[in-house]
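This report describes selected features of a protein model. The sequence and structure are shown first, and the discussion follows.

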Amino acid sequence: MGETALQAGAQMRMHEIKKAVQENDSNKTFYLSGFIGCEPGQFVMVWIPGVDEKPFSLMNVGKKSAINLEVKGKWGKKFFGLKAGDKIGIRGPFGKPFDLRKVRKACIVGGGVGVVPLVPLAERLKKAKIKTVFVLGAKAKSKILFKNRLKKIVSKLVIATDDGSEGELGFVTKPLARLLSKEKFDCVFTCGPELMMFNVFELCRQRGVNVQASLERFMKCGVGICGACMVNDQIVCVDGTVFGSKQLAKMSEFGKTAYLKSGRRCGLSEFYRWRSP
Amino acid sequence: MLSVDFCGIKMRNPTRLASGILGVTASSLLRVAKSGAGAVTMKSVGPRERFGHNNPTVVDIDCGMLNAVGLPTPGYKNMEDEMAELLELKKIGVPLIASLYGAKIGEFAEVAAWLAEHRPDAIELDMSCPNTEWGGAMFSHSVDVAEKLVSSVKEVTGKIPVIAKLSPNTHLITEVGVACEKAGADALCAVNTVSAMSINIDARKPVLNFRKGGLSGPALKPIAVRCVYDLFEKVNIPIIGEGGCSSGRDAIEFIQAGAAIVGIGTAVRYRGLQVFAEVCSEMGQWMKQNGFLGVKEMVGIAHG
């Protein structure tokens, strides 16, 4: 059959779950059969047959592909019920990845499960011998992800928790502000809750530091036609997920509003309440 | 060379963004307009907020795409902001076609009346969606129902042209088109998607969450061309040729079959937003080589 390169990548393909690894009290990594090439910042659509399909960053370790997720919500619970041998569908990868060109010294800021694409990003930076400081945020000690793995990769790891149960008390922006006043970074890469990314962007903008943020919106097609994932006139699934400072500065909706599955525009807090009830 | 008059609407070229593609927000429609589309169509507006089906809602298959998004809509009452932002289209001179649906004839008229107050350049009736639990395509599967629907909408839309979007999932498409014309439709669109299914054999399940969906893209084109051809023989109102149009040659094929303008949707997935400008330049090139000075000269020339 005459498939175009684009079509071939986006057809649904089944992968077997090989094993699941518990990362913290509510988070697991599921290793999959077959390698799915996915650059940090790109995403795949993950299908549980007969249930639903959602966008995820892949965590690729060497030649193994894995999905990491929280137990949250109906879908998360379904996924946590999957065992080795069960099959899930994958479409993708979609979107544009983080851009590492011209970066000599990097800072990465991640919060919650937003850390997932940032671990392979840190690995990339290490391979390219780029000095990297990683600011890792979580609600509490029990929710911190990939601490030990990151320690081995990055030049410096700074942890901040909302309740102060590990590392610094408060949001990631506190240590980031300190780092920005002491050191010069070519780029701050970020992924996590949108308000966190917005605050990271604002801090960096004041200091003239470039940011690349991986944005998330409700996704349907993944290929830039359904229009569900717009942020202003940008289509997150094909123009993003990664947007640089210049684009972020033009996005009046960044950090403010998003669209529900119905297409109704709402504030970010309503959007997140709907996404993870 | 490419400018056309469609139901009294001036279009700089004969391509329009099909409904359901990048049509949820005002800012995406504006971007498509700036990318070169002759007109843009909103995603169908419904009577009340609806979330549509679970994913997968849109998937690639070998010969095109399947979708069953399930008519999500904020509901017209939640759309004042988007409508206000869409006024920007007037500044850049790209006409707005407002698509709408209902689950009953009364709901079509209810949404149409609200849309008419916002003065879109045309109103399109999505009377042929194959992907709803109430059987949204039924409105264009029966001559009587289609006629009743169009005339009840015409009562509330004043001078705004009304386009009836027809279903290819019926042997009655020509009869239904004629009935819509009789009821006052100002134009027809042929066609909506063809009801279809794709099963992932490794999952042993239909891929789309709604199981069935609408087939679009290259596989739909010959079906759509045939429908346009048949309708052109029987009606006197302009027809939008839609279904798999992906190139300048495709667009001219639809026009030779009898289309006044063409809709482009799934091709955005293959060629990006530049598809509108590219299709136009390909059309222009072919017309030049073949001695055509305007689009109108080519309409329906494959007949006879």
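Predicted model: local features only at pLDDT ≥ 70, side-chain atom pairs only at ≥ 80, totals over all residues.

The side chain of B:Thr157 reaches the backbone oxygen of B:Val153 at 3.1 Å. B:Thr157 belongs to the loop that runs between helix H5 (143-154) and strand S9 (162-166) of chain B. With a relative accessible area of 3%, B:Thr157 is buried. Leaving aside residues up to four places away in sequence, B:Thr157 touches B:Ala112, B:Ala116, B:Ile123 and B:Val162.

## Nonpolar cores

The largest nonpolar core comprises 151 residues, and the members that touch the most other members are B:Val40, B:Leu125, B:Met127 and B:Cys180. The surroundings of B:Met127 include B:Phe108, B:Phe139, B:Leu149, B:Val150 and B:Cys180, when residues up to four places away in sequence are not counted. B:Gly136, B:Ser140 and B:Lys165 are also among the residues that B:Met127 touches on that count. Apart from this core lies another, of 29 residues, with A:Leu121, A:Ala138, A:Cys187 and A:Val242 among them.

## The sheet of chain A

Chain A contains an open sheet of 7 strands with mixed pairing, in the order S11-S10-S9-S8-S12-S13-S16. Strands S11 (168-169) and S16 (242-244) of chain A stand at the edges; each has a single partner strand, so one side of each is left without a neighbour in the sheet. Within the sheet, strand S8 (residues 105-111) and strand S12 (residues 187-191) of chain A pair in the parallel sense over 5 bridges. A:Gly110 stands opposite A:Cys191 in S12(A). Helix H6 (residues 194-206) of chain A packs on the sheet, where it touches S8, S12 and strand S13 (211-214) of chain A. The direction of helix H6 makes about 165° with that of S12(A).

Over all chains, the structure holds 0 disulfides.

| Cysteine | Nearest cysteine sulfur | Distance | Relative accessibility |
|---|---|---|---|
| A:Cys187 | A:Cys204 | 8.4 Å | 3% |
| A:Cys266 | A:Cys229 | 15 Å | 5% |

A:Cys187 is in no disulfide, and A:Cys266 is in none either. For a disulfide, the two sulfur atoms must lie within 2.5 Å; the sulfur of A:Cys204 is 8.4 Å from that of A:Cys187. A:Cys187 is buried, and A:Cys266 also counts as buried.

Methods:
Residues numbered from 1 in each chain as written. Chains lettered and ligands numbered in written order. Heavy atoms only, no water. Core = buried A, V, L, I, M, F, W, Y, C linked by side-chain atoms within 4.5 Å. Buried < 20%, exposed > 50% of the residue type's maximum accessible area, 1.4 Å probe, protein only. Contact = heavy atoms within 4.5 Å. Pairing = 2+ DSSP bridges. Helix = DSSP H or I, 4+ residues; strand = E, 2+ residues; numbered from the N terminus. Axes fitted to C-alpha atoms, helices over the stretch in contact; angles between N-to-C directions. Polar contact = N/O pair within 3.5 Å; in protein donor to acceptor, adjacent residues only side chain to side chain.
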